[in-house]
Amino acid sequence: MAKKLIKIRLKSYDHRLLDESAQKIIDAVKNSSAKVSGPIPLPTEKTIYSVIRSPHKYNYSREQFEKRVHKRVIYIYDATQETVTELLKIQLPSGVSVDMKA
């Protein structure tokens, strides 16, 4: 079987959950003797929303909310079938989005 590169992209609102998930992935991959590069932090997406507090009047009184999306990338080199099965066994928290590309 040909050895290949796997790119794993993690997204989450909570950076602590994201770092724990990345560590779980790295530990699982190192058990299968593949090479790992990462986690590489990507720029955080920050979205700010301004909402008027009053429904009719007082436009100057506003409330601001912010949403941050933290991202990490992990590259796995020389991945074998054993590496893929180890990755599929990992239980990650529900607040983390995972995208895998081979």
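Helix H1 lies across strands S1, S2, S3 and S4. Its direction is at about 5° to S3. The model is a predicted one.

Take the sheet first. It is open and has four strands, in the order S2-S3-S1-S4. The pairing is antiparallel. Strand S2 (35-52) and strand S4 (96-101) stand at the edges. Each has a single partner strand, so one side of each is left without a neighbour in the sheet. From one strand to the next, the twist averages 15°.

Now look at the pairing of S1 with S4. These two strands run antiparallel, and six bridges join them. For Lys11, the bridge partner in S4 is Ser97.

Nonpolar side chains tend to be buried together in soluble globular proteins. Here the largest nonpolar core has 16 residues. Which elements each supply at least two residues of this core? They are strand S1 (4-12), helix H1 (15-31) and strand S3 (62-79). The largest share comes from H1, with six residues. Ile8, Leu10, Ile25, Ile74, Ile76 and Leu87 are the residues with the most contacts inside the core.

Ile8 deserves a separate look. Set aside its neighbours within four places in sequence. Ile8 is then in contact with Ile25, Ile74, Ile76 and Leu87, among others. Its other contacts include Arg72 and Val73, and also Val98, Asp99 and Met100.

How values were computed. Residues are numbered from 1 along each chain as its sequence is written. This is a predicted model: local features need pLDDT of at least 70, side-chain atom pairs count only at pLDDT 80 or more; totals for chains, interfaces and linings use all residues. Side-chain values use heavy atoms; hydrogens and water are left out. A nonpolar core is a set of buried Ala, Val, Leu, Ile, Met, Phe, Trp, Tyr and Cys residues joined through side-chain atoms within 4.5 Å. Buried means under 20% relative accessible area, exposed over 50%, partly exposed in between (1.4 Å probe, protein chains only). Contact means heavy atoms within 4.5 Å. Two strands pair if DSSP finds at least two bridges between them. Axes are lines fitted to C-alpha atoms, for helices over the stretch in contact, and angles run from 0 to 180 degrees between N-to-C directions.
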